[in-house]
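Let's walk through this one together, with a few questions and answers about rings, charges and a helix.

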Amino acid sequence: MTSTAVESRVADQVEPKRPEPASAGRWAWLNGDYARVFAVVLAWNVVLIALAYLFAPSSPVDEGIPKTGIGSTMSLLAHTYRWDAGNYGEIAMHAYTGSYAPTRAFYPVFPFLVWLVQTASFGTLGLLAAGFLVNLVATWLAAVALLKIGRHFFDGERAPWLVVAAFLTAPAAFFLHSFYSEAVFCALGFWAYLFALRRQWLWMGLTLIPLTASRITAAVFVGLCFLEFWRSKGWKPRGLLSWHLLWFPGAFLGLGGVLVVMKLQTGDFFASFNALKGVREWSYHKFNPNIAETIWREAKITGHALLGDTRMDAWTLMSHVLPMIGLTLLFACSVYVLVALRSKGVPLALFGFASIVMLTMNNNVVSVHRYLLPCLVMYVALVLFGERRPRLRGAVHVVLYANALVCGMIYLRFITGFWSG
């Protein structure tokens, strides 16, 4: 070793290293998950607003504008207020006191948050702006949770971010941006599962309660978290002898709260379940536990349409073909995760199978492609396929691109008032 090298080493040992500038630590949060995901989600929302601003005026508006007329204004957010958004808007403004009974079929968490933001702004924010802020924050939190969930299944940084990309490019992802409850539901569901993966049962339980007040399909997330809880106990029956198990029946306190609200405002505990009875437009909603019959009937409709035996009109495409393709992919993804991850993949796989059952028990598959948005097993399976087969990783990007194209097509239909699910 040369004398110069020796002097250098001695100097390193004697002279203390210079402390890093305080500004480096002060701005370190910009490289954190929350900041980076927020930048992505905000940019994603800006793109959707820009698309609506550019293309909506050049297209004829169909029947999807709610009768309240809020979505017919020239607001930059008017395009978010279509179809069922009118029911959520009615609840945010008047709760369930209106005479339009079908509104009771929509759960109160999202419209309550919209009302809360509006109230906190002392009326300076309009209904659409308040809804946009709620969904922006909810989509951000859902994407952060999904990124962290991805890290439980994948090493490195690339794969978890692809899971988030799969979520934001899903064919129905634009509903996260619209005046719907999808973003809030996904945020609560994803965080409940993340807390379960972290074995933070208290936070999981507290998240599941508002989740069951958001939508009846929250039951599949309760099941997902329960399976993860059981897996943490090695699938041993005696592992269930824990007070933490009480969080799973306790999760339905949220649903119980909805029943109480319905009783107080309508006089009927089960008003949300009876709301669609006698409504001609929604007569296809009928409880039918024979899901095999429903799936077979829908499969025949889809097959005939794809083979050209029947006309592929807009209703057939949006309410039969796309939902059935989505259910088929959900089944395939659930099987793949079960085979590839074995015990670790059991909760997600069974979550996928249970979702298929839950989404077909009402005798139809209308809007199912929208209801598949919270089914994170599909995003994990897609990225897992690419990670297990490096030579086919390019196929993952092709799928993301194709999904984004389909999402854009449906989104343009939605903002111009055409039925989109």
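Q: Which residues do ring pairs link into a cluster?
A: This is a predicted model, in which local features need pLDDT of at least 70, side-chain atom pairs count only at pLDDT 80 or more, and totals for chains, interfaces and linings use all residues. Residues are numbered from 1 along each chain as its sequence is written, and side-chain values use heavy atoms, with hydrogens and water left out. Rings of Phe, Tyr and Trp (its six-membered ring) pair if their centres lie within 6.5 Å; planes under 30 degrees apart are stacked, over 60 edge-to-face and the rest tilted. The cluster linked this way is made of Tyr 81, Tyr 88, Phe 106, Phe 110, Phe 174, Phe 175, Phe 179, Tyr 180, Tyr 411 and Phe 414.

Q: How many residues apart in sequence are the parts that the pair of Phe 174 and Phe 414 ties together?
A: The search of the whole structure gives 31 aromatic pairs, and Phe 174 with Phe 414 is a tilted one, at 5.4 Å centre to centre and 50° between the planes. Helices here are DSSP runs of H or I with at least four residues, numbered from the N terminus. Phe 174 lies in the loop between helix H7 (158-168) and helix H8 (182-197) while Phe 414 is in helix H19 (residues 393-415), so the parts tied together are 240 residues apart.

Q: Is Phe 414 buried or exposed?
A: Buried means under 20% relative accessible area, exposed over 50%, and partly exposed in between (1.4 Å probe, protein chains only). With a relative accessibility of 0%, Phe 414 is buried.

Q: What separates Trp 191 and Phe 195 in helix H8?
A: Their ring centres are 5.4 Å apart with planes at 45°, so this pair is tilted. Both Trp 191 and Phe 195 are buried. Since they are 4 residues apart in H8, what separates them is about one helical turn.

Q: How many of the residues of H8 are buried?
A: The expected span of a helix is 1.5 Å times one less than its number of residues. For H8 this gives 22 Å, which agrees with end C-alpha atoms 22 Å apart. H8 is mostly covered, and its buried residues number 16 of 16.

Q: Which residue lies over the face of Phe 175?
A: A charge sits over a ring if NZ of Lys or CZ of Arg is within 6 Å of the ring centre and within 35 degrees of the ring normal. At 5.1 Å from the ring centre of Phe 175, the residue is Arg 370.

Conventions: Helices (H or I, at least four residues) and strands (E, at least two) are DSSP runs, numbered from the N terminus.
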